[in-house]
Amino acid sequence: MTEEKSLLAYKCKKCGQLHYPFRMRCKKCGNLNQFEFDTVPLSKNGKIVTFTYVYSLPGDFNVSKLGLAIVELDGGMKVTGQLKAENPKIGKKVNGKIEVVRNEGFNQRYGIVFY
């Protein structure tokens, strides 16, 4: 049995601003110390804000098209992830899972996939 992976945001210890993905500098207060951020788990569920499909992919993708979406997670954070939801539309509720989104040689790259 494999442990479910979390989606993590980074919270500035000085001002409390959440960031996803990690940033070297806080976008609110300008804090530049990378050790001044705490990790905070995010919800993986939300609603589609917008989406698109990419049809001209590099050769190492094993799909003919790739769905991408910006999703507003429960709690308000917006994230970009792959979209595999059937009949997507703006405002549709989706559930996310952390999965392998790309293989680069022997390296697996993880990201969020919305269903």
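In the predicted model, the hairpin of E1 and E2 has five residues between its strands. Within this hairpin, Gly16 adopts a positive phi near 85°. The two strands run antiparallel and are joined over two bridges.

Leu8 faces Pro41 of E3, and Ala9 faces Val40 of E3. In a regular strand, side chains alternate between the two faces of the sheet.

Together the three strands make an open, antiparallel sheet with the order E2-E1-E3. Strands E2 (18-19) and E3 (37-42) lie at the edges. Each has a single partner strand, so one side of each is left without a neighbour in the sheet.

The protein chain as a whole contains eight strands and zero helices. Its pattern along the sequence is β-β-β-β-β-β-β-β. The C-alpha atoms occupy a box of roughly 45 × 35 × 35 Å along the principal axes. Among contacts with a separation of 6 or more, 45% join residues 24 or more positions apart.

Of the 115 residues, 27% count as buried. The chain exposes about 7,900 Å², and carbon and sulfur atoms supply 49% of this area. Charged side chains comprise 19 positive and 10 negative groups. The centres of the two sets lie 6 Å apart.

Technical notes
Residues are numbered from 1 along each chain as its sequence is written. This is a predicted model: local features need pLDDT of at least 70, side-chain atom pairs count only at pLDDT 80 or more; totals for chains, interfaces and linings use all residues. Side-chain values use heavy atoms; hydrogens and water are left out. Two strands pair if DSSP finds at least two bridges between them. Helices (H or I, at least four residues) and strands (E, at least two) are DSSP runs, numbered from the N terminus. Buried means under 20% relative accessible area, exposed over 50%, partly exposed in between (1.4 Å probe, protein chains only). Contact means heavy atoms within 4.5 Å. Accessible areas come from the Shrake-Rupley method with a 1.4 Å probe; for residues, only the protein chains shown count as cover. Lys and Arg count as positive and Asp and Glu as negative; His and the chain ends are not counted. The place of a charge is taken as NZ of Lys, CZ of Arg, CG of Asp or CD of Glu.
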